[in-house]
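Hello,

Please find the structure below, handed over for your own look. My notes on what was found follow it.

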Amino acid sequence: MSFLAELDEVAAEKHSESPFVAIGGASAVSAVVEEFYSRLLADPQTAGFFSALVEIDGLAALKRHQVLLLAKVLGGPDHYDGRDLGAAHGGLDISDAAYQRVSLHLLTTLHDFKVPMDILQAADSTLRAVKPQIVTIEA
Ligand code: HEM
């Protein structure tokens, strides 16, 4: 079974009232993640951070981790098996400006997929809460 089908199966059983299910489950989250990274790659302020991974696997592993993290944050199944966010971003020299840009792309993508305002607000709070783990340089 694909990891997406597995998320939906577990969500139907144990997380049926979650925002994850409300916005359309794994296929919706996966579509959001695809669009999110295509926006990050199209934006000169963020594209460079991802070029090495594009070469390695076309961002496949990163996208999988991002789907799993979003599923968890949206109250769906917790199958996230990536690194913690501090470890994943510590060596990347991410500034506040780059962080703002990535957050903006995620929130506007969610908005464009018609995710309701209360869920957008919760996503915004989560992004603010993880900021100290991600931003490591001043400028
Ligand atoms: C705003 C909140 C952010 C969240 C929730 C987030 C989430 C994630 C997740 C879940 C991973 C996968 C970790 C793993 O595979 O072990 C990851 C990796 C990565 N993130 Fe972020 N991220 C955020 C911000 C940023 C920003 C601002 C940048 C760059 C400007 C960035 C660039 C990257 C890169 C390049 C990787 C791959 C690192 C590697 O595999 O070596 N992220 N992020």
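**Fold and overall shape**

The chain has eight helices and zero strands. Its elements, read from the N terminus, therefore run α-α-α-α-α-α-α-α. Please keep in mind that this is a predicted model.

The chain is as compact as a globular protein of its length, because its radius of gyration is 15 Å, close to the 14 Å that the globule rule gives for 139 residues. The C-alpha trace spans about 45 × 30 × 25 Å along its principal axes. Of the 139 residues, 21% count as buried. Among contacts in the chain with a separation of 6 or more, 67% are between residues 24 or more positions apart.

**Around the ligand**

The ligand is surrounded by 22 residues, and the closest are G82, R83, A88, A98 and V102. Two or more residues of this shell come from each of the elements α5 (60-73), α6 (85-89), α7 (96-112) and α8 (117-134). By type, the shell holds 15 nonpolar residues, six polar ones and one charged.

A5 lies in helix α1, which covers residues 3-14. Is A5 buried or exposed? A5 has 12 C-beta neighbours inside 10 Å, and a residue with 12 or fewer is exposed, so A5 counts as exposed. A5 and S27 are 22 residues apart along the chain, and their C-alpha atoms are separated by 8.6 Å.

Regards

Key:
Residues numbered from 1 in each chain as written. Predicted model: local features only at pLDDT ≥ 70, side-chain atom pairs only at ≥ 80, totals over all residues. Helix = DSSP H or I, 4+ residues; strand = E, 2+ residues; numbered from the N terminus. Rg over C-alpha atoms; globule rule 2.2 N^0.38 Å. Buried ≥ 20, exposed ≤ 12 C-beta atoms within 10 Å, placed from the backbone. Contact = placed C-beta atoms within 7 Å. Near = placed C-beta within 6 Å. Nonpolar A, V, L, I, M, F, W, Y, C, P; charged D, E, K, R; others polar.
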